Amino acid sequence: MNPRILFSTAGRVLNQLRHDRRTLALIVAMPALLLTLIYYVFDDQRLVFNHVGLIMLGIFPFVLMFIVTSIAMLRERTTGTLERLLTTPLSKLDLLFGYALAFGLAAAIQAGVVTAVAYWAFDIAIAGSFWWVMVFAVADAILGMALGLLASAFAQTEFQAVQFMPAVVLPQLFLCGLFAPRAEMAGVLGGIAKVLPMTYAVEALEQVGRYTSATSIMYRDLVIVVGAAVVALALAAATLRRRTD
Amino acid sequence: MENAIEVADLVVKRGGRLVLDHLSTSMPVGSVTGLLGPSGSGKTTLMRAIVGVQKVESGTVTVLGQPAGSPKLRPIVGYLTQAPSVYADLTVRENARYFASLYDGVSRADADRAIADVGLSSAADQVVNTLSGGQRSRASLACTLLSNPKLVILDEPTVGQDPVLRDDLWQRFHELARAGTTLVVSSHVMDEASRCDRLILIRDGLIIADDTPSAVQTQTGTNDLEAAFLKLVRQREDEGVPA
């Protein structure tokens, strides 16, 4: 990797976002608006909102970054810029980590806004600190981004790319413990849940909600979530081929 | 003269179809070679093989002494794809500066100069989306030339350009060649052939002529290259060579 190329790639991706004001507005505002909806859905069930709202602080960035990056990378492929980039001295990791840096920054802003809204507008009751919520929201966003980059390798069209979202995201959402406690799941499902990274993202946020200081489970889950993101990025790098048919 | 490109017995298949059929040729350093032939003849595939982005069945492509596509070549080979591959949501200048940043020792000033060289200075701060087709392809060309590559592969760089600009671009290509750059330029317009030092005429994955424009004209007894191309195709058909 070359730091100059890495940072200029991240800068270029951010520049593209800057030119696309509507996408920028959606990234910043949409999770906060969705959280508002959830707040009113659980209007008279504060405890439920405290739990579901907190989990959503991790899930919104994950889902949105998955979609945004899988489309962004698909565009690189279909417009020929990817092929061009791969004929230059840029390394595949410069490109992928450039994306990670740029969208990681966008995710941090997104997570900051939605978390602030949860705290100050909706007075969400979370035992742990605002900063731990932020750490996991950003980690989840980076995981979503890494999986999005990987998924885009298997999509030839936008139609396929957007459908990977439910394919990758929904099973993780169903099995992460939000809808049904993991302990009560059938053996096979529980086993599958254990190998899905979102399970750990949700578990970590539940820990932040319950304990005032960081727990060892939180640290472990952070390592798992970030580790899964790195593995997905490495696999995505392996799918970028300089030579094609 | 030393060769910048050596293609030996190159076979490429795409989707089970033979696109390049045991093709061999070479291109000397500091020359402008025109790759001509109808759409679907294999021009782009040959160019992709020279750049090293094409999977090949057999044969070798050697570029500046290295196997095509080797990492050492990446800083010194510039490739312009047929469809303009620039970021449509960035300005011309942002595109050029980004591509400039990928090369060691290529500055923002080099990026701006490349934009001026393709006649896009006045549109430099326009988002590519808002440009005409011809301007877009020149924006893409600027991004190819800004790193001052030793070998430049241009896939139909002059399509959609007005005649004055086309003339300017060809003059620029020859300036680069005089400075020692090797250029391979594809076109399906025969009137551009006379601008090249050498011509390679391709049809159905086979080279049907590989010579200077004047030699091709002499050989076919016509001074019109379009007619020469036709004549060569007919000759082969008469000789029973599958065309």
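Select B:Ala177 and the residues around it. Setting aside the neighbours within four places in sequence, B:Ala177 is in contact with B:Gly30, B:Ser31, B:Val32 and B:Leu183; two residues are in contact if their C-beta atoms, placed from the backbone, lie within 7 Å. The model is a predicted one, in which local features need pLDDT of at least 70 and side-chain atom pairs count only at pLDDT 80 or more, while totals for chains, interfaces and linings use all residues. Residues are numbered from 1 along each chain as its sequence is written, and chains are lettered from A and ligands numbered from 1 in the order in which they are written.

Is B:Ala177 buried, partly exposed or exposed? B:Ala177 counts as partly exposed because it has 19 C-beta neighbours inside 10 Å. The cut-offs are 20 or more other C-beta atoms within 10 Å for buried and 12 or fewer for exposed, with partly exposed in between.

Next, display helix α5 of chain B, residues 163–178, in which B:Ala177 lies. Helices (H or I, at least four residues) and strands (E, at least two) are DSSP runs, numbered from the N terminus. Helix α5(B) packs on a sheet, where it touches β3 (32–36), β7 and β8 of chain B. The direction of α5(B) makes about 150° with that of β8(B); such angles run from 0 to 180 degrees between N-to-C directions, and axes are lines fitted to C-alpha atoms, for helices over the stretch in contact.

**The sheet of 6 strands in chain B**

Colour the strands in the order β6-β7-β8-β3-β9-β10 of chain B; these 6 strands form an open sheet with mixed pairing. Two strands pair if DSSP finds at least two bridges between them. The edge strands are β6 (77–80) and β10 (206–211) of chain B, each of which pairs on one side only. From one strand to the next, the twist averages 15°.

Zoom in on β7 (residues 151–155) and β8 (residues 182–187) of chain B, which pair in the parallel sense over 5 bridges. Which residue of β8(B) stands opposite B:Leu154? The residue is B:Val185.

Then show α2(B) beside α4(B): the two helices pack at an angle of about 25°, with their axes 9 Å apart. The angle makes α2(B) roughly parallel to α4(B), because angles under 35 degrees count as roughly parallel, over 145 as roughly antiparallel, 65 to 115 as roughly perpendicular and the rest as oblique. In this contact, B:Val92, B:Asn95, B:Ala96 and B:Phe99 of α2(B) meet B:Ala139, B:Ala142 and B:Cys143 of α4(B).

**The sheet of 4 strands in chain B**

Move to the open sheet with the order β2-β1-β4-β5 in chain B, whose 4 strands pair in the antiparallel sense. Strands β2 (17–28) and β5 (66–67) of chain B stand at the edges with a single partner strand each, so one side of each is left without a neighbour in the sheet.

Select β1(B) and β2(B), which pair over 8 antiparallel bridges. B:Arg14 stands opposite B:Arg17 in β2(B). The hairpin of these strands has 2 residues between them, and B:Gly15 takes a positive phi near 55° there.

Strand β1(B) also pairs with β4(B), in the antiparallel sense, over 5 bridges; B:Val11 has B:Ser58 of β4(B) as a bridge partner. Finally, show helix α1 of chain B, residues 43–51, lying across β1 (3–14), β2 and β4 of chain B at about 120° to β1(B).

**Where the chains meet**

Display both chains. The contact takes 25 residues from chain B and 21 residues from chain A. On the side of chain B that touches chain A, α2(B) gives the most, with 3 residues.

**Two helices of chain A**

End with α5 (residues 92–121) and α10 (residues 216–239) of chain A, which pack at about 135° with their axes 9 Å apart. These helices are therefore oblique to each other. Among the residues that make the contact are A:Leu96 of α5(A) and A:Leu233 of α10(A).
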